[in-house]
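This report describes one protein chain from its computed geometry. Please have the sequence and the coordinates open while reading.

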Amino acid sequence: MFIAVVETGSLAKAAERENIAPSALSRRISDLEELVGTSLLDRHNNGARVTPAGETLERYARSVFLTFERMRVELSEHGKGERGHVRLFSNSSGIMDSLSTYLQVFLSAHPAVAIHLEEWSSPYIVRAVREGTADLGIINAAVPHEGLMTFPYNSYRLVLVAPASHPLARREQVDFSETLAYDQVGFHNGSAIFSLASRAAQANGQQLKIRMQVTSFDAVREMVRANIGIAILPEFAAAPYAQSMGYAWVPLSDSWAAIELKICVRDIDTIPSAARKLVSHLTDAAHAV
């Protein structure tokens, strides 16, 4: 009932969704607040919002429900003769850089395993793995991940992407500091590439001149093609599209532009056996290239 209120933002809407009288739902929430000894919701005329204590309860409640759902799925798979279900979270770079090929090979060799793949930012993936929402994650190694076990995965370089007519477009390589004079198309706050670029700008005593922020590689390429600004992208997300989209890409000479991806887990010995097999397969496949 509490989760229903959180998701709908209203006791009345939650009661309707859960097919219970609003007064009965309100009483259950009050009983829950009495049990934990603190307010979980701020009730107001337009609905209800969670308090800090409510946010804590929500996080644990979702984790409990997820655990039961995973148990149900895995038991169901065993009943159907299947033997594993893996929840894999990856950042955008990890998904685009050969992951589909690696997973296709793995699933062909392990037809009894099902994989649930979600795309998230690296900081969120770290939290999800810690909390058990994901069995394993693929993250930017520069993102703090204390308390997790990690395994080497892929690596790539960041490059400048610019309209073909841009002053920097014909360079063989460019230092990131040279890009700071120009308008840029950036990723959303919290993304690994945006954080790296922001720190590099600050190290040069400047700030990024962000003209637009987007959430995908596709959107970055389109905005550069529209001459809204230059951008920083992984080479694998820039080079294959340069000719068809009419932009140029130039390697960054900075040492921080060499990006390492890692696979992270809470404890390799306690995750499901199918997840352990997937970790082994991904590390071996990435380093066989």
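The sections below go from the whole chain to single elements and residues.

## Overall description

The model is predicted. Its secondary structure comes to 11 helices and 11 strands. Taken along the principal axes, the C-alpha atoms fill a box of roughly 70 × 50 × 35 Å. Of the 289 residues in the protein, 44% are buried.

Contacts between residues at least 6 apart in sequence were sorted by separation, and 71% of them join residues at least 24 apart. The protein exposes about 14,900 Å², and carbon and sulfur atoms supply 50% of that area. There are 27 positive and 31 negative side chains, and the centres of the two sets lie 2 Å apart.

## Strand 6 and its partners

Strand 6 covers residues 149-163. It pairs with strand 11 in the antiparallel sense over seven bridges, and within this pairing Ser-155 has Glu-260 of strand 11 as its bridge partner. Strand 11 itself spans residues 258-265.

Strand 6 also pairs with strand 10, residues 247-251, over five bridges in the antiparallel sense. There Pro-163 stands opposite Tyr-247. A further antiparallel pairing, over four bridges, links strand 6 with strand 9, residues 230-234. In that pairing Val-159 is opposite Leu-233.

His-166 lies in the loop between strand 6 and strand 7, the latter covering residues 184-187. Is His-166 buried or exposed? Its relative accessibility is 14%, so His-166 counts as buried, the cut-off for that class being under 20%. Leaving aside neighbours within four places in sequence, His-166 is in contact with Tyr-182 and Ile-230. Ile-230 falls in strand 9, which runs over residues 230-234 and pairs with strand 6.

## Helix 6

Helix 6 runs over residues 122-131, and its buried residues are Ser-122, Ile-125, Val-126, Ala-128 and Val-129. Seen down the helix axis, these residues fall within an arc of 165°, so they line one face of helix 6. An α-helix has 3.6 residues a turn, so residues three or four places apart point the same way.

What do the buried residues of helix 6 pack against? Their partners are strand 3 (84-90), strand 5 (136-140) and strand 11. After the helix comes Gly-132, with a positive phi near 85°.

## Helix 8 and the loop to strand 9

In helix 8, Phe-217, Val-220, Arg-221 and Val-224 are buried. Viewed down the axis, the buried residues of helix 8 fall within an arc of 95°, so they line one face of the helix. Helix 8 covers residues 217-225, and the loop between it and strand 9 holds Asn-227.

Asn-227 follows helix 8 and has a positive phi of about 65° although it is not a glycine. At 55% relative accessibility, Asn-227 counts as exposed.

Asn-19 lies in the loop between helix 2 (11-17) and helix 3 (22-36). Its phi is positive, about 60°, although Asn-19 is not a glycine. With a relative accessible area of 73%, Asn-19 is exposed.

Glu-33 belongs to helix 3 and is buried, with a relative accessible area of 12%. Which residues does Glu-33 touch, not counting those up to four places away in sequence? They are Thr-38, Ser-39, Leu-40, Leu-41 and Arg-43.

## The hairpin of strands 1 and 2

Strand 1 (residues 41-44) and strand 2 (residues 47-50) pair in the antiparallel sense over four bridges. A hairpin of two residues joins the two strands. Leu-41, one of the residues touched by Glu-33, has Val-50 of strand 2 as its bridge partner. In a regular strand the side chains alternate between the two faces of the sheet.

Technical notes: Residues numbered from 1 in each chain as written. Predicted model: local features only at pLDDT ≥ 70, side-chain atom pairs only at ≥ 80, totals over all residues. Heavy atoms only, no water. Buried < 20%, exposed > 50% of the residue type's maximum accessible area, 1.4 Å probe, protein only. Contact = heavy atoms within 4.5 Å. Areas by Shrake-Rupley, 256 points an atom, 1.4 Å probe, with all protein chains shown as cover. Lys, Arg positive; Asp, Glu negative; His and termini not counted. Charge placed at Lys NZ, Arg CZ, Asp CG, Glu CD. Arc of directions from axis to C-beta. Pairing = 2+ DSSP bridges.
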